[in-house]
Amino acid sequence: MANYSDLFPRGTDGATIASVQSVSLSGGGATRSETITSVDLSKSIIIRNGHSEPTNNFEASQVQRMALFQNSTTLADKGPDSGGSNIASDYMILEFASGIKSLQTFVVTLSTSASATTNQAVMSVDLTKAVLIYTGVHATTGASGTVSARVKLTTSTNVACSRIGDAITSECGFILVEFE
């Protein structure tokens with residue numbers, strides 16, 4: 001694999017990472033969790049590296065929404081059907097040592113219309129230094145269904161979370177990071 005790092009200029013005062021943890025979750029059920037080494041929530045992000053579901057049923061399309069809780073646990077939620085399937089999910093948890101100006105975490109509720117967009121007000125960020133990380137969508141009502149969502153930083157003070165799929169209430173999560 002080629003190393004393209006020399007193509008991107010680096011400042012001398014960039015963000016530094018204090019710790020990196022890799023977590024794999026598997027099994028059925030509406031909620032799964034795994035204990036990790038304690039992290040500072042104001043300086044940590046979680047990145048979803050994908051999921052798989054071996055029985056090829058609809059549950060694989062019910063994307064998990066993940067979040068960090070209590071400085072020591074990562075949590076993955078799947079759709080409302082607790083089923084018996086074995087969904088495997090992989091995550092990376094990055095804790096920054098420096099270089100973060102602000103870190104905002106949100107979960108917004110999307111309406112039951114088949115195509116719903118919710119605008120979430122956020123603290124103002126410099127658009128040239130901000131990164132938006134989608135943390136997933138989770139169906140909160142309805143016995144079954146398929147939902148997908150996306151997030152977009154539309155202005156320095158607004159994130160739009162849009163969902164398409166079955167007309168079920170769902171929650172969309174994201175992290176907004178502003179670097180120094």
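At 36% relative accessibility, Ala 15 counts as partly exposed, a class that lies between buried (under 20% relative accessible area) and exposed (over 50%), as computed with a 1.4 Å probe on protein chains only. The model is a predicted one, in which local features need pLDDT of at least 70 and side-chain atom pairs count only at pLDDT 80 or more, while totals for chains, interfaces and linings use all residues. Residues are numbered from 1 along each chain as its sequence is written, and side-chain values use heavy atoms, with hydrogens and water left out.

Ala 15 is found in the segment before strand S1 (16-25); strands (E, at least two residues) and helices (H or I, at least four) are DSSP runs numbered from the N terminus. Leaving aside neighbours within four places in sequence, Ala 15 is in contact (heavy atoms within 4.5 Å) with Phe 96, Ser 98, Gly 99 and Phe 179. Ala 15 and Phe 179 are 164 residues apart in sequence, yet their C-alpha atoms are 7.3 Å apart in space.

The protein chain has 12 strands and zero helices. Buried residues account for 41% of its 180 residues. Among contacts between residues at least 6 apart in sequence, 76% join residues at least 24 apart. The accessible surface of the protein chain, from the Shrake-Rupley method with a 1.4 Å probe, comes to about 9,300 Å², and 52% of this belongs to carbon and sulfur atoms.

Strand S12 (residues 170-179) has eight of its 10 residues buried and is therefore largely enclosed by the rest of the structure. Strand pairing requires that DSSP finds at least two bridges between the two strands. S12 pairs with S7 in the antiparallel sense over 10 bridges, with Leu 176 in S12 as the bridge partner of Gln 104. S12 also pairs in the antiparallel sense with strand S9 (residues 130-139), over nine bridges; here Ser 170 in S12 stands opposite Ala 139. Ser 102 lies in strand S7 and is buried, with a relative accessible area of 12%. Beyond four places in sequence, Ser 102 is in contact with Val 125, Leu 176, Val 177 and Glu 178.

Aromatic pairs were assigned to rings of Phe, Tyr and Trp (its six-membered ring) with centres within 6.5 Å; planes under 30 degrees apart count as stacked, over 60 as edge-to-face and the rest as tilted. By this rule the count comes to two aromatic pairs. Phe 96 and Phe 179 form an edge-to-face pair, 5.8 Å centre to centre with 80 degrees between the planes. Phe 96 lies in strand S6 (residues 88-98) and Phe 179 in strand S12, so this pair ties together parts that are 83 residues apart in sequence. Phe 96 counts as buried at 9% relative accessibility, whereas Phe 179 counts as partly exposed at 24%. Phe 106 and Phe 174 form a stacked pair, 5.2 Å centre to centre with 25 degrees between the planes. Phe 106 in strand S7 (residues 100-110) and Phe 174 in strand S12 are 68 residues apart, and their pair links distant parts of the chain. Phe 174 counts as buried, at 0% relative accessibility.

A nonpolar core is defined as a set of buried Ala, Val, Leu, Ile, Met, Phe, Trp, Tyr and Cys residues joined through side-chain atoms within 4.5 Å. The largest such core has 17 residues, of which Ile 45, Ile 46, Leu 68, Ile 93, Leu 103, Ile 175 and Val 177 touch the most other members. Two or more residues of this core come from each of S1, strand S3 (44-52), strand S4 (65-69), S6, S7 and S12. S6 gives the most, with four residues. The contacts of Ile 45 beyond four places in sequence include Leu 68, Ile 93, Phe 96, Leu 103, Ile 175 and Val 177.

The structure holds one disulfide, a term applied to a pair of cysteine sulfur atoms within 2.5 Å. The disulfide joins Cys 161 to Cys 172, with an S to S distance of 1.9 Å. The torsion about this S-S bond is about 110 degrees, so the disulfide is right-handed. Cys 161 lies in strand S11 (residues 158-165) and Cys 172 in strand S12, and the pair therefore ties together parts that are 11 residues apart in sequence. Both cysteines, Cys 161 and Cys 172, are buried.
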